[in-house]
Amino acid sequence: MHAFDVLGDPVRRRILELLADGERAAGEISAVVQEEFGISQPGVSQHLRVLRENGFAAVRAQGTRRLYSVDPAPLREIDEWLERYRRFWNRHLDALGTEIARGKRERRLAGDPVDPVERPPEAAES
């Protein structure tokens with residue numbers, strides 16, 4: 001199965017999001033996914049199996065629990081594949097960074113020492 005076929009499923013993407021925060025027990029993953037997607041525990045187990053068999057997740061036993069974690073190898077492969085397309089968005093992100101810096105500089109020169117992003121909400125309302 002191709003990496004994008006594996007990650008094309010929103011349930012599997014959500015499981016990887018959960019695992020990106022650190023190792024999780026299968027039961028914990030199942031509880032979140034069942035709540036969010038309304039699928040059964042065996043359905044979640046199938047998605048975990050697809051991730052495991054395609055190298056996106058690793059599992060280890062701890063007593064009766066199965067702990068899952070992200071295996072970064074296939075994600076690196078996707079990152080390498082995406083490299084040729086980054087030129088389409090990097091230029092725009094660089095331009096955005098320039099505009100943000102320009103706006104901060106203009107506010108600083110105008111005498112507003114506080115960045116609006118860092119300003120407390122009550123200060124922004126007054």
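**Sheet, helix contact and core**

User: Which residue of E3 stands opposite Arg24?

Analyst: Tyr68 stands opposite Arg24. The model is predicted: local features need pLDDT of at least 70 and side-chain atom pairs 80 or more, while totals for chains, interfaces and linings use all residues. Residues are numbered from 1 along each chain, and side-chain values use heavy atoms, without hydrogens or water.

User: What makes E1 and E3 a pair?

Analyst: Pairing takes at least two DSSP bridges. E1 and E3 (residues 65-70) have two, in the antiparallel sense, so they qualify as a pair.

User: Why are E1 and E2 called edge strands?

Analyst: The open sheet runs E1-E3-E2. E1 (24-25) and E2 (57-62) each pair on one side only. H2 packs on this sheet, touching E1, E2 and E3. Its direction makes about 90° with that of E3.

User: What makes the 17 residues a nonpolar core?

Analyst: Such a core joins buried nonpolar residues through side-chain atoms within 4.5 Å; buried is under 20% relative accessible area (1.4 Å probe). This core is the largest, and Ile15, Ile29, Val33, Leu51 and Phe56 have the most contacts inside it. H2 gives the largest share, five residues.

How values were computed:
Buried < 20%, exposed > 50% of the residue type's maximum accessible area, 1.4 Å probe, protein only. Helix = DSSP H or I, 4+ residues; strand = E, 2+ residues; numbered from the N terminus. Contact = heavy atoms within 4.5 Å. Axes fitted to C-alpha atoms, helices over the stretch in contact; angles between N-to-C directions.
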